[in-house]
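Hi,

Here is the structure I promised to pass on. Please open it and keep it in view while you read my notes below.

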Amino acid sequence: TKDDKKLDVGDVLAFKYDNKIVVHRIVLKVNRDGKIYYRTKGDNNEKEDAIFISNDMIKGKVLGRIKYIGLPSVWLSELFD
């Protein structure tokens with residue numbers, strides 16, 4: 001969803017950054033000059049992401065989760081990078 005009213009702190013977003021799809025949790029929502037921006041952080045990361053996410057970067061909101069489902073893709077990514 002790209003509806004700012006439906007996105008809030010704690011929601012998990014899928015967004016495009018640096019030609020990759022990133023899935024991180026919203027930790028801060030700010031309004032600058034009438035436009036909403038989000039600060040995100042990966043659940044296993046110690047620090048917040050260095051950038052703010054704008055609405056045009058968002059691909060969707062994660063609605064559910066299957067435990068460990070992302071691990072195979074992380075392992076494969078590490079093998080082939």
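A search of the whole structure, which is a predicted model, turns up three salt bridges. Side chains of opposite charge can pair when their charged atoms come close.

Start with lysine 61 and aspartate 11. Their closest N and O atoms are 3.6 Å apart. Lysine 61 sits in strand β5 and aspartate 11 in the segment before β1, so this pair ties together parts 50 residues apart in sequence. Aspartate 11 is buried, at 17% relative accessible area. Lysine 61 is partly exposed, at 28%.

Next, arginine 25 meets aspartate 43, at 2.9 Å from N to O. This pair also links distant parts of the chain: arginine 25 is in strand β2, and aspartate 43 is in the loop between β3 and β4. Arginine 25 is partly exposed at 29% relative accessibility. Aspartate 43 is partly exposed too, at 47%.

Then look at arginine 39 and glutamate 48, with 4.0 Å from N to O. Arginine 39 is buried, at 17%. Glutamate 48 is partly exposed, at 45%.

Now the sheet. β2 and β3 pair over seven bridges. Leucine 28 stands opposite arginine 39 in β3.

Last, the surface. Ile21, Val23 and Val62 make a nonpolar patch of about 240 Å². Isoleucine 21 belongs to strand β2. Its relative accessibility is 53%, so isoleucine 21 counts as exposed.

Best wishes

Terms used:
Residues are numbered from 1 along each chain as its sequence is written. This is a predicted model: local features need pLDDT of at least 70, side-chain atom pairs count only at pLDDT 80 or more; totals for chains, interfaces and linings use all residues. Side-chain values use heavy atoms; hydrogens and water are left out. Patches are made of residues with over 30% relative accessible area and no salt bridge: like charges are joined within 9 Å, nonpolar side chains (Val, Leu, Ile, Met, Phe, Trp, Tyr) within 5 Å. Accessible areas come from the Shrake-Rupley method with a 1.4 Å probe; for residues, only the protein chains shown count as cover. A salt bridge is a side-chain nitrogen of Lys or Arg within 4 Å of a carboxyl oxygen of Asp or Glu. Helices (H or I, at least four residues) and strands (E, at least two) are DSSP runs, numbered from the N terminus. Buried means under 20% relative accessible area, exposed over 50%, partly exposed in between (1.4 Å probe, protein chains only). Two strands pair if DSSP finds at least two bridges between them.
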